[in-house]
Amino acid sequence: MASGKCLCEAVRFSIEVEPRLFYRCHCTLCRKQTGVGHNLATLVHARDFRWEEGQPVISSWHKPSGYRNDFCSRCGSTVPNALRESDYFWIPLGLLDVELNMECVGDFCTDDAMPWDEQRSANSHHAAPDSLEFLLQALQVNRFR
Ligand SMILES: [Zn+2]
Ligand SMILES: [Zn+2]
């Protein structure tokens with residue numbers, strides 16, 4: 001069980017599992033989304049995710065390609081979003097309030113990384129994950145239940 005909230009604490013959620021694995025994405029969009037070199041995120045099954053508060057203040061920005069950023073309209077924090085046409089939620093790690101011992105399973109879009117963004121795990125990928133299934137498997141989402 002883990003819980004998380006945005007910067008202003010208006011948006012709150014909880015997850016029934018303790019995620020152990022995460023990934024980093026160094027693509028241009030994730031760089032803009034976070035304001036730093038890469039994002040850090042994990043996925044959880046929708047049945048393990050619950051909004052506790054603040055859903056009405058969430059705004060959503062979509063790119064025609066499908067990239068999406070959901071954020072708190074009060075403080076601007078990126079918040080979890082339901083991955084399109086899937087049963088999974090995308091969770092930005094920084095919102096979690098529990099100190100979890102987590103391991104990075106991979107870095108994606110390293111070709112897009114800025115020279116000052118040097119952190120890499122053992123599994124570096126030049127491009128984005130081929131599929132959601134690939135990412136789910138890497139994160140072993142359905143194993144930790
Ligand atoms: Zn907020
Ligand atoms: Zn990205």
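User: First up, is C6 buried or exposed?
Analyst: C6 is buried, at a relative accessible area of 5%. Buried means under 20% relative accessible area, exposed means over 50%, and partly exposed is in between, with a 1.4 Å probe and protein chains only. Before we go on: this is a predicted model, where local features need pLDDT of at least 70 and side-chain atom pairs count only at pLDDT 80 or more, while totals for chains, interfaces and linings use all residues. Residues are numbered from 1 along each chain as its sequence is written, chains are lettered from A and ligands numbered from 1 in the order in which they are written, and side-chain values use heavy atoms, leaving out hydrogens and water.
User: OK. Which protein donors does the zinc ion (ligand 1) have?
Analyst: C6, C8, C72 and C75, each through SG, lying 2.3 Å from the zinc ion (ligand 1). Donors are N, O and S atoms within 2.8 Å of the metal (3.2 Å for Na, K and Ca), and sites may look incomplete because water is not among the atoms.
User: And what's the geometry at the zinc ion (ligand 1)?
Analyst: Tetrahedral, with angles of 106 to 114° among the four donor atoms. Four donors get that label if all angles lie between 85 and 135 degrees.
User: How are the donor residues of the zinc ion (ligand 1) spaced in sequence?
Analyst: As C-x1-C-x63-C-x2-C. C6, in the loop between strand 1 (2-5) and strand 2 (12-15), and C72, in strand 7 (residues 68-72), are 66 residues apart, so the pair links distant parts of the chain. Strands are DSSP runs of E with at least two residues, helices are runs of H or I with at least four, and both are numbered from the N terminus. C72 is buried too, at 1%.
User: What coordinates the zinc ion (ligand 2)?
Analyst: C25, C27 and C30 through their SG atoms, at 2.1 to 2.3 Å. Their spacing along the chain is C-x1-C-x2-C. C25 is buried at 8% relative accessible area, and C30 is buried at 4%.
User: Switching to rings: how many aromatic pairs are there in the whole structure?
Analyst: Seven. Rings of Phe, Tyr and Trp (its six-membered ring) pair if their centres lie within 6.5 Å; planes under 30 degrees apart are stacked, over 60 edge-to-face, and the rest tilted. One of the pairs is F49 with W51, edge-to-face at 4.9 Å centre to centre and 85° between the planes. Both residues are buried.

Conventions: Tetrahedral: all angles 85-135°; square planar, octahedral: opposite > 155°, others 65-115°.
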